[in-house]
Amino acid sequence: MKYRILALDGGGSWAVLQVRALLDIYGNDDTITGHKVLGDFQLAAANSGGSIVLGELLNDAPLGQIRDFFLSQEKRDSIFVPPPRIALGDRLIKLIAQAGPQYNADKKLIGLRAALSAPNNAGARTLPQIAADLAAKNIHLHILITSFDYDRRRAVFFRSATVSSPSWGTGDTSTATLADAIHASSNAPVNYFDKPAEFPSDFPGRYWDGGIAGYNNPVAAGVVEAIGLGVQPTDIVALSIGTGLVQLPLARPNDPPSSPLVQQKDDPGTKVDLKKLATAIVDDPPDAASFVAHVLTGSGAGLNTPASNSRIVRMNPLVAPVVDLHGGGWIAPGGWTEDQFHQLANLNLDAVQQEDVDAINAYGDLWLTNLARNQAIRSNGATRKAEIGQDSYSVAKAAWFAIR
């Protein structure tokens, strides 16, 4: 019997792309509700922006409403609220290194609680309570939300039920509310929120984004959790949906130094390194998580369908140039200009301005119509062709339908 996992990456406003993919999978019906989607899975794992999507699914919001939440400037502003005052040290770092907190963590929690109030006020309920509510509807779902303990400096999993066995030890049931768990999971540090996430619970603590623990892509965490629950690895299939990945080829000697389509080498230094560290939570090892999950679930052995060579299906748009079939060089995909591509490739995960989110949404159109590439589980380093997984969204979608 198949054990289906839904895994949702972090990525701030870019999470609108996850909702666009779910809408497409479920027939582009805006009225399809969160519980209808979750009824097709036995485990849902999420981090950061993906945990916001999962929260709305658990709240049984319609997919169209969830999409519009990310597309609305007013809704985004309720979560990304500027801090009232930045400490002197942070102001100096921001001035010198162009890195520093931009948003108020406490106001984010208020915004999340408001967003998860209607229609079912799931934000105020604990994960076990939500799982029990779902079970009453014959939806048996294990919930897993990832975070990082700021003080103890280790990964934290907020889960709806205890995972325990002599072989794996014990992972405790969470007593946090859904809104609190999402708050902990979505609190990216340094360049984003002004302090760790805090909330009252039976185990008070302070938290950073789960990406700090390497779980921005939580699919491997979800697979390990399922195995800890006693599921056979080869019974697991997982749909892992990302929030976009910028992947530029390294500049060649004949590439113009000003080209936005290639990655120029940066000169190492404190300013550059701080910025790289602040944004590294959405880079490797999350990129490797899909491959780790592929290996954990048997490396595709025994699948009886030519549509997929893995029990993991990765859906994630690559913000990457394509080869010009006429000139042989790099061009922007989908007929975009270099300026349009440059704007998108340089957006942070916390994009909040309407024109920036509109650009993300427009790139989603390219991805869903195969004009922009999909991230495979593993690609050839030289040719960039998929070795495991799928190069295009429609083929990934067909693979999911074949193995689910």
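Residues are numbered from 1 along each chain as its sequence is written, and side-chain values use heavy atoms, with hydrogens and water left out. As the model is a prediction, local features need a pLDDT of at least 70 and side-chain atom pairs count only at pLDDT 80 or more, while totals for chains, interfaces and linings use all residues.

Helix α1 (residues 16–25) packs against helix α4 (residues 63–71), with the axes 9 Å apart and an angle of about 155°. That angle makes α1 roughly antiparallel to α4. The terms work like this: angles under 35 degrees are roughly parallel, over 145 roughly antiparallel, 65 to 115 roughly perpendicular, and the rest oblique. The axes themselves are lines fitted to C-alpha atoms, for helices over the stretch in contact, and angles between N-to-C directions run from 0 to 180 degrees. Where α1 passes α4, the crossing is left-handed; this label applies if the near helix is turned anticlockwise from the far one by less than a right angle, and right-handed applies if it is turned clockwise.

A second pair involves α7 and helix α9 (residues 178–185), whose axes come within 9 Å and cross at roughly 140°. This makes α7 oblique to α9. The crossing of α7 past α9 is right-handed.

Next come the charged contacts. A search of the whole structure turns up 12 salt bridges, each being a side-chain nitrogen of Lys or Arg within 4 Å of a carboxyl oxygen of Asp or Glu. One of them joins Lys195 to Asp106, with 2.9 Å between the closest N and O atoms. Lys195 sits in the loop between α9 and β7 (197–199) and Asp106 in helix α7, so this pair ties together parts that lie 89 residues apart in sequence. Lys195 is partly exposed at 30% relative accessibility, and Asp106 is partly exposed at 37%. For these labels, buried means under 20% relative accessible area, exposed means over 50%, and partly exposed falls in between (1.4 Å probe, protein chains only).

Another salt bridge pairs Arg206 with Asp151, the closest N and O atoms being 2.6 Å apart. Here too the pair links distant parts of the chain, with Arg206 in strand β8 (residues 205–209) and Asp151 in the loop between β3 and β4 (154–159), 55 residues apart. Arg206 has a relative accessible area of 31% and is partly exposed; Asp151, at 42%, is also partly exposed.

Arg67 is buried, with a relative accessible area of 17%, whereas Asp68 counts as partly exposed at 37%. These two residues also belong to a network of salt bridges that links Asp30, Arg67 and Asp68.

The peptide bond from Ala118 to Pro119 is cis, with omega near 5°, and Pro119 is found in the loop between α7 (105–115) and α8 (127–136). Asn138 has a positive phi, near 65°, in a residue other than glycine. Asn138 belongs to the loop between α8 and β3 (142–149) and counts as exposed at 63% relative accessibility. Asn370 is not a glycine either, yet its phi is positive at about 70°. Asn370 lies in the loop between α14 (354–368) and β15 (378–379), and it is partly exposed, with a relative accessible area of 37%.

Finally, there is the surface. Trp168, Val224, Val292 and Leu296 make a nonpolar patch of about 360 Å². Patches are made of residues with over 30% relative accessible area and no salt bridge, joining like charges within 9 Å and nonpolar side chains (Val, Leu, Ile, Met, Phe, Trp, Tyr) within 5 Å. The accessible areas come from the Shrake-Rupley method with a 1.4 Å probe, and for residues only the protein chains shown count as cover. Trp168 is in the loop between β5 (163–165) and β6 (169–171), and at 54% relative accessibility it counts as exposed.

Technical notes. Helices (H or I, at least four residues) and strands (E, at least two) are DSSP runs, numbered from the N terminus.
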